[in-house]
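Here is a friendly briefing to read with the model open beside you. Take the topics in any order you like.

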Amino acid sequence: VTAMPRTYPPAVPIWCAGCGHFAVLNALRAAIRDLEIPAHETVILAGIGCSGTIQNYLGTYGYHALHGRVLPAATGVALANPDLTVIGAGGDGDGYAIGVGHLVHAFRRNPSLTYILMNNETYGLTKGQRSPSRLGEWGGGEGWLDGPLLGLSIPSSTFVARGYSGWFDQLRRLTREALEHARAKRGFAFLEVVSPCVTYQDTYPRWEQALHDLDADPSHDPQDRAGAFALAAELAAEGRLPAGLLYRAPPTGPPADLPAPARAPIDPAQLRPRYEAILDRYALRPGGAPPEPAQPSRAKARPAEVRSLDETER
Amino acid sequence: MSPRAVDDLCLMVAGQGGDGSLTLVNLLGDLLAGRGLELYQARNVASRIKGGHAAAYLRASTARRGCLADRFDLLLAFDEEAVEQGGPRLAERGYVIYDASEGPAPGERLPAAATVLEVPFGRLAVRDLRRDLYKNSLAFGLAARLVGASDAEAEATLRASLRRLAAPLIEANVRALRRGFEYADERGILAGRGPWALAQGRPGERLLISGNEAVAFGFMVAGGRFFAGYPITPASEILERLAAWLPEVGGVALQAEDELAAINLALGAAMAGARAMTASSGPGIALMQEGVGHLGSAEIGLVVVDCQRAGPSTGMPTKPEQSDLGMLAEGANGDIPRVVLAPGDPGDAFELTVLAVNLAERYQGPVYLALDQAVSQDAVTVPRFDLDTARVDRGRLLTEADLAGMDEYRRYLVTSEGISPWAPFGTFGGQHLVTGNERDEWGRVSTQPANRARMMEKRLRKLETVRPDLPRGRRFGDPAAEVGLLGFGMETGVVVEAAERLAAAGLPVRGLQPRTLRPVLEDVVDLVSACRRVYVVEHNATGQYARILAGAGIPAERLESVLRYDGVPFRPGELAAEILEREGA
């Protein structure tokens, strides 16, 4: 065993007694332990809000993101070093309001990381404002946002689940399965946890009634996206929520050989021939050979993912 | 006609977007570069894909120049609007090749002594789907005669340029080229007997490259392996090049869903130990401001490229300006250390990008590269980049072995230089907390007053630590003159050439191209201290750079702003005339 310096002492949670987030933290701690993931290979990135302190409690690498930007930062970490177990976490304000655009694109881009969204229907840290996931009660006829239903609607999503702080065994299993999904490089594992705020929005009694336990529903098939969507939509219409593994895409074969930019060679001496070859395409040699016609500065071909906007505004 | 010897020729090709003006300028550039001349190539396009007035410009000269000349010697005009746009800048005895398919050239727009060659391209060129291409080849033949190239030279250049096309297409274009020669014969412009005899340039290799491409290349050479960006004019080439190049060296280039994602993707990768960068233009950089403040607070090293375009708001997307300087120098909430570098040409862009990547990791904060549309997109001949000068300096980065020898590791350790050793995510023994909140040395959020003050001072101190390594400006002109001239980015080539004109007119100036805009370095302070008056040339409406200088304690009464904000670059003669007028000379 290599010697290791003393690092930061994990903090004591700031949450109110009875907060649903304790269950999320315990489930995460258990999953990391069950899967034997070393602390230095674990990165927990959290948003702004009460939930955005979860990175301080486990002794892993931790990052406190800008409000709503957990997913881009987590995606950057995951793409830079695929050896890491990357866990994004945050609340419903962070993920369903200010950062919801990134959630949509995380489903689309499908990076191999876990995102645990603690949904308590409220802004706890700023003292009880409504969040977009609050069922009913909205003035002006505004509706609510169902994250798992959103995820199911995006064709490239691969793992969509909902847990409940009050059902710890299921939550612990779902957390582990989410981590396993991402660690197997199968893509983006989205776990919404309905996690009540006992101070501003105590939903324990309501959710106990509103939740539909998928583990107890023999007709539910987590490999059937359309079926899961239909069920979630049907329940949503009644103001109810499915809890459990909604959808997990079947494996599509061995994971691709992912680039690892954080570990890629960068010594310019070692890569010199490659660099010089690129410069050659820009070289003019007066009186000698005519200039190479396919200079990148004039090339018509563009990388497939990138549209040419040379001569236009966005 | 007896050819006039010239060592500096400037031409404009214009028509509607899609007419192929850029293709023709590229061909002429190839031809003139073949003679060892230095090139400066620019364009002026509408903000749309097809149609609208579009012009491409080429200056070929024996001396390397960083801007277009005062006047065009040759105007290739595919329509009347091209004459309207280019005519006022045509040299007194300039030449015009005009597509007369739809009628004669509007001569009243042109200098009286100009020679107009009206060519009915529509009749001469083959009418089929590839008509524009033939039209360009035909015009190229005529233009090649004018610039004094031999027919063989012109044909070789055309063939080289088209060599990826199918053989019948190449031959059809060569026939169009020869048709251009015949037309020149009819007009008495014989091979080797054009109006100009262009001087021979230097032998030896050089690059023809734009600033954006140089930034992308410099980033890769400096070990940059992660890039995220969102398409925006005039920054998109950086994303496009890196999307092509980074996968080849184990890196990733990503098109983000917006600029908020772009900067946060990049800083995520940076924390994991990948050298990272993002690039955008004004509107996107405005969206990134929260992220830039976060880089400063959380101490994450990242390069942020701003290819400035005319603002405010969406402004004029394809036009150059330097009006983001206030945002770059002062944007984002709170006080953070920041570095703003400004390259003046592609060679600078390469060098400063390599430096920026190293600086970002060394001082663990944001490093801006401030370009502008002209520096970003104009293609210029520069000496081949010297890769021997490129080095990788990762600053106080800790490895597993370093950590194994330490008793404890505090991410935000307060040091005399302000810089805390850092371990990328994943390093054994380096577990830590990163946050943009105020925090203690362990990374634990803290609002304790003494800690707050200590941490703020630590962060700001880093800038003093790296100050000696920030790039100094380039001097030009007369080192003893009492009138100073400052210009950076797109103004660089203009101020250097204007200084020559001013000296010739009896007003020597002491010139400087600052390359670090913020912090303000002693090179600028020294220049202003030594001059009774300093002209500060900027492309913005309010003198943003002059304000940065005044804010750094430079005597504002000595600064005289020369501003332009109409979307058009200065020409050296205009600038010299303006300064002479203000000096009452």
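Gln364(B) sits in the loop between helix H13 and strand E16 (366–372) of chain B. The model is a predicted one, and in it the phi of Gln364(B) is near 55 degrees, a positive value in a residue other than glycine. Most residues other than glycine have a negative phi, and most peptide bonds are trans. The points below start with the backbone and go on to a pocket, a sheet and some single residues.

**Backbone points to look at**

- Is Gln364(B) buried or exposed? Gln364(B) counts as buried because its relative accessibility is 2%, and the cut-off for buried is under 20%.
- Lys127(A) also has a positive phi, of about 80 degrees, although Lys127(A) is not a glycine.
- You will find Lys127(A) in the loop between strand E5 (122–123) and strand E6 (129–130) of chain A.
- With a relative accessibility of 61%, Lys127(A) counts as exposed, since the cut-off for exposed is over 50%.
- Gly311(B) and Pro312(B) are joined by a cis peptide bond, with omega at about -5 degrees. Pro312(B) belongs to the loop between strand E13 (302–310) and strand E14 (316–320) of chain B.
- The peptide bond from Arg518(B) to Pro519(B) is cis too, and its omega is near 0 degrees. Pro519(B) lies in the loop between strand E22 (516–518) and helix H18 (522–530) of chain B.

**The second largest pocket**

- The volume of the second largest pocket is about 790 Å³.
- How many residues line this pocket, and which lie nearest its centre? The lining has 40 residues, and Arg64(B), Asp345(B), Gly347(B), Asp348(B) and Arg474(B) are the ones nearest the centre.
- Helix H13 (346–363) of chain B gives the most to the lining, with 9 residues.
- Helix H14 (373–377), strand E17 (379–382), strand E19 (474–477) and helix H17 (492–504) of chain B are also among the elements that each supply at least two lining residues.
- Sorted by class, the lining holds 17 nonpolar, 13 charged and 10 polar residues.

**A sheet with strands from both chains**

- An open sheet of 9 strands runs in the order E11(A)-E9(B)-E17(B)-E3(B)-E4(B)-E2(B)-E5(B)-E6(B)-E7(B), and its pairing is mixed.
- Which strands form the edges? They are strand E11 (283–284) of chain A and strand E7 (115–119) of chain B, each of which pairs on one side only.
- Within chain B, strand E2 (residues 8–16) and strand E5 (residues 72–77) pair in the parallel sense over 4 bridges. Val13(B) has Leu76(B) as its bridge partner in E5(B).
- Helix H1 (residues 21–33) of chain B lies across E11 of chain A and also across E2, strand E3 (38–44), strand E4 (53–61) and E5 of chain B. Helix H1 of chain B runs at about 5 degrees to E4(B).

- Thr157(B) is part of helix H5 (residues 151–162) of chain B. Thr157(B) counts as buried because its relative accessibility is 11%, under the 20% cut-off.
- Beyond its neighbours within four places in sequence, Thr157(B) is in contact with Leu27(B), Asp30(B), Leu31(B) and Phe140(B).
- Pro88(B) is in the loop between helix H2 (80–86) and strand E6 (90–99) of chain B. Pro88(B) is exposed, as its relative accessible area is 54%, over the 50% cut-off.
- Apart from its neighbours within four places in sequence, Pro88(B) is in contact with Arg71(B), Val83(B) and Arg109(B).
- From C-alpha to C-alpha, Pro88(B) and Met455(B) are 59 Å apart in space, and they are 367 residues apart in sequence.

**Chain A in outline**

- Chain A has 9 helices and 11 strands.
- Of its 314 residues, 55% count as buried.
- Among contacts in chain A between residues at least 6 apart in sequence, 73% join residues at least 24 apart.
- Helix H2 (residues 70–80) of chain A is mostly covered, with 10 of its 11 residues buried. The buried residues of H2(A) include Val70(A), Leu71(A), Pro72(A) and Thr75(A).

Methods. Residues are numbered from 1 along each chain as its sequence is written. Chains are lettered from A and ligands numbered from 1 in the order in which they are written. This is a predicted model: local features need pLDDT of at least 70, side-chain atom pairs count only at pLDDT 80 or more; totals for chains, interfaces and linings use all residues. Side-chain values use heavy atoms; hydrogens and water are left out. Two strands pair if DSSP finds at least two bridges between them. Contact means heavy atoms within 4.5 Å. Axes are lines fitted to C-alpha atoms, for helices over the stretch in contact, and angles run from 0 to 180 degrees between N-to-C directions. On a 1 Å grid over the protein atoms alone, a cavity is a set of points where a 1.4 Å probe fits but cannot get out, and a pocket is an open set with protein on both sides within 12 Å along at least five of seven lines; lining residues have an atom within 4 Å of a point. Grid points are joined across faces, edges and corners, and a volume is the space filled by probe spheres set on the points. Ala, Val, Leu, Ile, Met, Phe, Trp, Tyr, Cys and Pro count as nonpolar, Asp, Glu, Lys and Arg as charged, and the others, Gly among them, as polar. Buried means under 20% relative accessible area, exposed over 50%, partly exposed in between (1.4 Å probe, protein chains only).
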